[in-house]
Amino acid sequence: MASPDLASLDAFLARVVELSPAQFDAVRAAGRALGPARRIAARKAAKLSASEFSALDTRVRDRLQPRSAELMAFGDGALAAAVADTLFAAHAKAFGERLSVEEREILLQPFAAVLEVD
């Protein structure tokens with residue numbers, strides 16, 4: 001399998017960590033509107049190994065960790081939602097070549113509300 005596109009992922013994460021809690025909330029709402037089944041199916045299509053998933057999860061959490069107090073103060077579940085939504089999109093950024101165009105769009109769509117993503 002192809003190596004992850006870490007340059008694309010890191011560029012995306014650099015933009016994501018600058019989002020305000022309200023912008024993360026907009027991402028969360030957009031993700032809910034898509035529904036979990038479509039997003040989970042798209043994420044699973046990337047077929048990450050356990051080690052790939054662990055590395056991706058760690059990279060996302062490490063980047064969002066400095067924002068944890070601010071996000072937790074925003075409301076219940078805000079930090080967990082920010083991590084989960086970012087992790088969904090990170091699948092598309094790091095492993096987009098494993099996904100169809102539609103799957104990639106589903107994973108990135110919630111961020112389209114606040115970022116221009118490609």
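Mentor: Leaving aside neighbours within four places in sequence, Leu71 is in contact with Pro21, Phe24, Ala78, Leu79 and Ala82, where contact means heavy atoms within 4.5 Å. Before we continue, note that this is a predicted model, in which local features need pLDDT of at least 70 and side-chain atom pairs count only at pLDDT 80 or more, while totals for chains, interfaces and linings use all residues. Residues are numbered from 1 along each chain as its sequence is written, and side-chain values use heavy atoms, with hydrogens and water left out.

Trainee: Where does Leu71 lie, and is Leu71 buried or exposed?

Mentor: Leu71 lies in helix H5. Helices (H or I, at least four residues) and strands (E, at least two) are DSSP runs, numbered from the N terminus. With 1% relative accessibility, Leu71 counts as buried; the cut-offs are under 20% relative accessible area for buried, over 50% for exposed and in between for partly exposed (1.4 Å probe, protein chains only).

Trainee: Let us turn to helix packing. At what angle do H2 and H6 cross?

Mentor: Two packed helices are described by the angle between their axes and the distance between the axes. For H2 (residues 21-34) and H6 (residues 78-95), the axes come within 10 Å and cross at roughly 65°. Here axes are lines fitted to C-alpha atoms, for helices over the stretch in contact, and angles run from 0 to 180 degrees between N-to-C directions. Phe24, Val27 and Arg28 of H2 make the contact with Ala78, Ala81, Ala82, Asp85 and Thr86 of H6. By class, that contact holds five nonpolar, one polar and two charged residues. Ala, Val, Leu, Ile, Met, Phe, Trp, Tyr, Cys and Pro count as nonpolar, Asp, Glu, Lys and Arg as charged, and the others, Gly among them, as polar.

Trainee: How are H1 and H4 arranged relative to each other?

Mentor: The axes of H1 (residues 6-16) and H4 (residues 50-64) come within 10 Å and cross at roughly 30°. H1 and H4 are therefore roughly parallel to each other; angles under 35 degrees count as roughly parallel, over 145 as roughly antiparallel, 65 to 115 as roughly perpendicular and the rest as oblique. The contact is made by Leu6, Leu9, Asp10, Leu13, Ala14 and Val16 of H1 and by Leu56, Arg59, Val60, Arg63 and Leu64 of H4. These residues divide into eight nonpolar, no polar and three charged.

Trainee: What about H6 and H7?

Mentor: Their axes are 8 Å apart, and H6 and H7 pack at an angle of about 135°. That makes H6 oblique to H7. In H6, Asp85, Thr86, Phe88, Ala89, His91, Ala92 and Lys93 meet Arg104, Leu107, Leu108 and Phe111 in H7. Six nonpolar, two polar and three charged residues take part in the contact of H6 with H7.

Trainee: Which residues touch the most other members of the largest nonpolar core?

Mentor: In this core of 31 residues, they are Phe12, Val16, Phe24, Leu56, Leu64 and Phe111. A nonpolar core is a set of buried Ala, Val, Leu, Ile, Met, Phe, Trp, Tyr and Cys residues joined through side-chain atoms within 4.5 Å. H1, H2, helix H3 (36-45), H4, H6 and helix H7 (101-112) are the elements that give two or more residues to this core, and H6 gives the most, with nine residues.

Trainee: What does Val16 touch?

Mentor: Not counting residues up to four places away in sequence, Val16 touches Phe24, Leu64, Arg67, Thr86, Phe111 and Leu115. Phe111, in helix H7, is buried, with a relative accessible area of 1%. Phe111 and Val27 are 84 residues apart in sequence and 5.5 Å apart in space, C-alpha to C-alpha.

Trainee: One last topic: where is Lys47?

Mentor: Lys47 is in the loop between H3 and H4. Its phi is near 50°, a positive value in a residue other than glycine. Lys47 counts as exposed, at 57% relative accessibility.
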